[in-house]
Amino acid sequence: MTQPLRLNPDRLFPADADTRAVARRLYAEVKGLPIISPHGHTDPSWFAGNENFANPAELLITPDHYVFRMLHSQGMAMEDLGVPRADGGPVETDPRTIWRRFAENYHLFRGTPSRMWHDWVYAEAFGIDVRLSAETADHYYDVIDAALKTDAFKPRALFDRFNIEVLTTTESPLDTLEHHKVIKASGWKGRVLTAYRPDPVLDPDYEGFRDNLKVLAEQTGRDTQSWEGYLRALRDRRAFFIEMGATSTDHGHPTAFTADLSKGEAEALFKRVSTAPASAADAELFRGQMLTEMAAMSVEDGLVMQLHPGSFRNHSATVFNRFGRDKGCDIPTQTDYVRALKPLLDRFGSDTRLTLILFTLDETSYSRELAPLAGHYPALKLGPSWWFHDSPEGMRRFREQVTETAGFYNTVGFNDDTRAFLSIPARHDVARRMDCGYLAKLVVEHRMEEDEAHELAHALTYGLVKAAYKL
Amino acid sequence: MTQPLRLNPDRLFPADADTRAVARRLYAEVKGLPIISPHGHTDPSWFAGNENFANPAELLITPDHYVFRMLHSQGMAMEDLGVPRADGGPVETDPRTIWRRFAENYHLFRGTPSRMWHDWVYAEAFGIDVRLSAETADHYYDVIDAALKTDAFKPRALFDRFNIEVLTTTESPLDTLEHHKVIKASGWKGRVLTAYRPDPVLDPDYEGFRDNLKVLAEQTGRDTQSWEGYLRALRDRRAFFIEMGATSTDHGHPTAFTADLSKGEAEALFKRVSTAPASAADAELFRGQMLTEMAAMSVEDGLVMQLHPGSFRNHSATVFNRFGRDKGCDIPTQTDYVRALKPLLDRFGSDTRLTLILFTLDETSYSRELAPLAGHYPALKLGPSWWFHDSPEGMRRFREQVTETAGFYNTVGFNDDTRAFLSIPARHDVARRMDCGYLAKLVVEHRMEEDEAHELAHALTYGLVKAAYKL
Amino acid sequence: MTQPLRLNPDRLFPADADTRAVARRLYAEVKGLPIISPHGHTDPSWFAGNENFANPAELLITPDHYVFRMLHSQGMAMEDLGVPRADGGPVETDPRTIWRRFAENYHLFRGTPSRMWHDWVYAEAFGIDVRLSAETADHYYDVIDAALKTDAFKPRALFDRFNIEVLTTTESPLDTLEHHKVIKASGWKGRVLTAYRPDPVLDPDYEGFRDNLKVLAEQTGRDTQSWEGYLRALRDRRAFFIEMGATSTDHGHPTAFTADLSKGEAEALFKRVSTAPASAADAELFRGQMLTEMAAMSVEDGLVMQLHPGSFRNHSATVFNRFGRDKGCDIPTQTDYVRALKPLLDRFGSDTRLTLILFTLDETSYSRELAPLAGHYPALKLGPSWWFHDSPEGMRRFREQVTETAGFYNTVGFNDDTRAFLSIPARHDVARRMDCGYLAKLVVEHRMEEDEAHELAHALTYGLVKAAYKL
C-alpha cells in the first residue's frame, strides 16, 4: 500500500511537550539562516559548467557510498547499482533499473540518516508526497528525471535556492583549480571555495606519491627532491590556493600521530621517502612530521588546519580489487590523540595564530581526550560529529560528551562533508534541529536560560563556523 | 514491612505519555509472539528426562553466576551459597538456608536486570504477590518449592507454557547428543536444537585439547594427527550436528583475531599445537586460522557462525583455584574487530553464502567498528547486546549506537544466552519492551512512521532471528 | 542587558512531569543531609588559621584550573588571570582586573559544570540576583569582596553553614600535619581529616623522589635505603596519619598497573630506583609493586585505598615550563584495568579486609571493565564519576553504565575532589539532584518501586560514603 510522505515540522525535537516548545522557538530563529558549508566534497565542475544532472540514479544512488554499501550489506552486487568496476567490466547501465532496485529496498534505510536526507530531498526539493517503495519507484523516477531537466535544477539554481552562503570543495595541491577559475570569472555570485588537501604529496603511501612530487616540481619550478625545495613548493601551492579563496587545509591521515624532528632528521627522512618506497614506520613518521610542518605554515599564512584521522581505508580487499578506492569500505579504528598530538602541540598548541580543527571517528575520544585538549589549548577546536556520526544520535552524543568539558565555544558548527549536493540542506537542517533540541533540554532542566540558548543556537548554526574557518 | 510485588504493564516504556502510548501499541502486537531462542545454555537433559527441578536454590541461585557474583562482591562467601568447590570441600547444602541468604540481600540487585528477571519469575511463573525480602523468604521458598514438585513445572510443560518455538543449546563436537536423540525420539513437539561449539577441539589453550583430538579421532575414524584428517573430522561432526537439527556454530575466542595461512603454514602450525603445549602466539594464530576454516566450512554446509570474543576468562585466581572455571569472574577486555577480522573477511566477507554473527562485550566497538563493518559486508550481521549488556540500558545503547550506520536489518533479534531456564520469557520480554520503546521514540520524534515501526517490532522480535539463524 | 540570576528549584531534574514529581519527592528527603566529603584538596591551613579569604579573584579564579584553562583555551594568557609564573615573572596582580576579565567571558562556561557551581556560589553563598557579565562585574566584585571580609565568611563559619560533617584533605606522608594538629587542638567541632597520599615517596618519577626518601628517613628514624626500612617507614607514617584521624589513602598513578614481585625482586628493584634515576620500565614496575604493598598494609591497618589512574600530567610543555605543574593541562588517556589490576587482585581482591576504591577518567571502562570487576571482587568499590566527569551528563553516564552490572551498593556516593571550597555544597547538590533524577526515571519506568528509590537516595547521598570510607 502506498504511504504518504510527510516531513513533520517537529521532526527530531524531543518528545516532551515543554522541551519541544522551547526547541521550536529556538529553531524558528535559525531555520532560515544561510548555509555555511566549510568542508565538503561536491564537484566544482558542476558550478563551473552549470549543466543539468544526468538522471536520478546517477545523481542520487551510484555515487553515494552510504546508499550502495547498505544495499551491498544485504547481499546486492554493487554492479547491479551501476558502481563502475576498476577493470571496466560490465555493470548495470539503465538508470531506471538501478532506481527500482533502490526503491524496492528502501526499508533497509529505516532509522538511518540516509533515510532522513533522502526523504527531505524527495519532499522538499522535488515536491513528492508519497513514500518511496517498489510501487512508487517509477513515479519517483519520472518526477525526479523531469525536474532534473529543468533550469531550476541546474547546480547554480539549486545553490541559490538552498541559500548557501559559502560552499567549500577539496582539492589536491596538484589541482590547477580550473573550475574555480571559471566560477570566479563567470560573474555568478555563488561563493564556491577550494580547500588545500595535500595528502597526495604528503603521504608516502598515497598512490603515485613520488610521481606527484615530480608534478609538484613542474607546477612550481621548485626542486622537490630537496627538503627545502619541497617545503617551498608546498608553500607556493598554499599561496595559490589562498589567492583562489581558500581559507583552510584538510588532512586525512590514518592516525593523529605528529612528530617534530630536527631539520637534519627531517631532511634525511624526506630523502628516504622521496627516492624509494617508504617503510611503514618511515611513512608514518613522515606524515607526522608533515602535520607539524603544515601547522608551521598555517601560523605563517593563516590557513585553518583540519585533521580527521582514524579511518582504515579500503578495508575490503574484494571491493578494492573490483571497484577501486573510496567505495564505502572505510572502517574507523581506535585513535589516540593525547600522545599523538603532543609534538605538534608542544610547538604550536599555545599559539593563537594557529587554528587546528580536530575530527574523530572514534567517539570514545570525545570526553576522554578531545574535549580536555580543546578545553585547554588555544590552537585547538573540535569539528562536529562526522561521517558515520553525522546523524541524530551521533550529534547528541557529541554535544553530551563534549560540552561539559570543552564548552560550546571550542566547537565550530556543522560540516556536511558530502558529495551528495542535494542533501546539503537536509543535513544542515538535521544539525540545526538536533542542536536546538539539545539546547532546549538544557533550558527545561534549568541548566541554561532561554536567552542564552537563543544566542547559542545562532552561534552553533552560523557564528562559530564563520569565525573558525575565517569565512 | 512487606511490600507488594507488581509487574506494571508499562514497565520499561519511556515516561513521556505520547511515546508510551506508541510503545504500548507496538508491544501489544509482539507481546504474544513465540519465543525464538537461538543461542543459549540450558541443559538438554531437562527436556530429555523431563524430571521436576530439585528445589528453589538449586534452580534459581546456585547455578546463576549473575546472582552469586553480586552477593560475593558484597563479601559473602560463595560456599555459603552452595557453589561447589573444585576440591569437593564443604559448602552449604541446605537449600532453604541458601534461599534465605539470597532473600536477605535482595536489595543488592536493585537496578540490575537480575532483579527484573527474578521478579518476573516470581510474579508470572509462581504467582507470588509480595516482594522478596528477609521477611518473605520462607513464604517464597514454600510456594516455589511446592510448585516445582507439580507437573506444571516440569521442563516440557514450562517450555510449552512459555510459548517457545525453538530453543538452542550448545554442545561440544565431542558430545554424542544423547539428550537431543531422546527428545527427538520422544514424540514431544518441543523443538530443542543443538549448536556446534568447537572450542574444546579448536583452541590449544582449552583444558585437555590434545586429548580431545584423540576422542575426536575415535568418534570419526579420522586421523586427527594430520591437518587434513583433523579438518575432515571437524566436518564429520558438523554433518552429524546438522543431521540432529543444528543450524549454527558458536565460537568463544579471547579475541576476534583471524588468520588466513597457506596450506603449508597451517599444516605446520597444526603439527606444533597438536603435539606439544602451544606457545601463546601459536595458540592465538591457530584459533585465528580455525575461525577462517570454520567460515570455509560454513560456506559449504550452511551453518551460521557466531563469534563472541573479548572475555578474560576466570580472572580471579582465588575463585578459579577454589571453584573452577565459569564461576562469574569473566571480565571483558578491549576488543579490536577491524584488523582482527580482515583476513577472514578478505576471503569470505563478500560471500553471500556465509552468515557470521558478531557479538561484543566492548561497547566502544558498536559505533566505531561493528556497525560500519556490518553496514558493508554481506556476510556480517550483529548479534544483540550480550551478557553484561543484556539489560535495558545495554539494549538502548546498542540500538542507539548501531542503527544509524548498520540499520535494523543487519541485526538478528534477541539472544537470551542463558542457562536460567525460568528467566527466558522475562529476558525476551525485556528485549521486546526496550525495542518497542526505542521504536516509539523514533515515531514520536518523526524519524519513522508508525506503520514502519510496527513492521520493525515484528522483525526485531521474530522475523530477523528466524531468517538469520535459518530456523 | 542585565539578566536575573535564578536557581530554579527543579534544576537538573528530568523534564517529564511525572518523572520530575518523583525526583522532587526523593530530593526533598536528601537535600538537607550533611555533606560527607571524603576526597578533596582544600587547604587545611584555612581551617587551622580561620583567616578571611583575600579577595574574589584569589578565592574563585586564580586557583581554579577549570576556570583559567577555559579562558586560556579561547586565547587568554594565563598571566592575565594572575596565575603565578614559575620564574616569578610579572603577572596581573589587580584582583578587580582579573575579575572583570573573567566576567566578560562568563558566556564561555555555558553548558559546563563550572557555570552551575559558580552560579550557586553567587546566588546561595553571596545572595546575588543578577547574572555575571561585563556589566555586572563590578557589582559582583564589591558584594563578594565585602562579604569575604565578614566573620560569616571565615572558613570555619562556612564549613558549619555548609553543613559539612566530614571534610578530608590530602597530604604527603612527609607532611607533619601541623594544620590538622591545630584544628584538633582548637576545640572547634569541625571534622577535617587528612588522607595519606604517598605518591612523592612511591613514584620514582615524582620530583625529588630520592630526596623525599631521605626526609622520610629523618622523620621516622628508619633506614629508607633498605627495602625493609622503607616499608617500615611507610607504615610508621600511615600509623601517624591514622592517629591524626585518617581513614584512607589516595594514589594518583599514570596507569592502574600493579605487580606482585617476590621479595628478592622487589628488593633489587627498590635498590635500583632508590639509588639512581629510574628507567621508565622500572618506575612503572615500582609503582605497580607499591600499590600491592599499600594493599597489604591496608589489610593490616584498615586504611581504605583510593586509586585514580589514567591522567597524562602536565601535557603542555609550554604551560609546564612557564607555570609549573598542576596548571590544568592534565589530559586523560585510555586506561586498562583488567590486566593491570590482576596481580593485586589475585592477592587481595577476595579479601574482605581490603577496600579499594577505583576511579577512572576513561569512561569506556565503566561498563566494560569497572562494573564487572566491582560486581565480582569483594575488595573493590567504584568511586563516582570524577574530575572531567563530575558533571550532570558525566554522572548520568556513570549510573547508566555501571548500575546494571555492579548495582548501587558497589559504589561509594559522591566525591567533590575540589580545592574550590565555596563550590563544595554546589557540587554535592548537583550529585544529589542527578541521582534523584536517575532514580526517578527508574521508578517511572517501573524498574524500581518508589520506597526503594527513597532508601537508595539516602544511601547514595550519605550511607554508602560513610560506610565505604569508614567515617
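This is a predicted model: local features need pLDDT of at least 70, side-chain atom pairs count only at pLDDT 80 or more; totals for chains, interfaces and linings use all residues.
Across the interface of chain B and chain C, the rule finds 28 residue pairs in polar contact, both residues at pLDDT 80 or more, where a polar contact is a pair of N or O atoms within 3.5 Å, one able to donate a hydrogen and the other to accept it within protein, with residues adjacent in sequence counting only if both atoms are side-chain atoms. By class, the side of chain B that touches chain C has 17 nonpolar, 19 polar and 15 charged residues, with Ala, Val, Leu, Ile, Met, Phe, Trp, Tyr, Cys and Pro taken as nonpolar, Asp, Glu, Lys and Arg as charged, and the others, Gly among them, as polar.

Residues are numbered from 1 along each chain as its sequence is written, chains are lettered from A and ligands numbered from 1 in the order in which they are written, and side-chain values use heavy atoms, leaving out hydrogens and water.

The contact, meaning heavy atoms within 4.5 Å, takes 51 residues from chain B and 43 residues from chain C.

Between these two chains there are 10 salt bridges, each a side-chain nitrogen of Lys or Arg within 4 Å of a carboxyl oxygen of Asp or Glu. In one salt bridge, B:R6 pairs with C:E449, and the closest N and O atoms are 3.0 Å apart.
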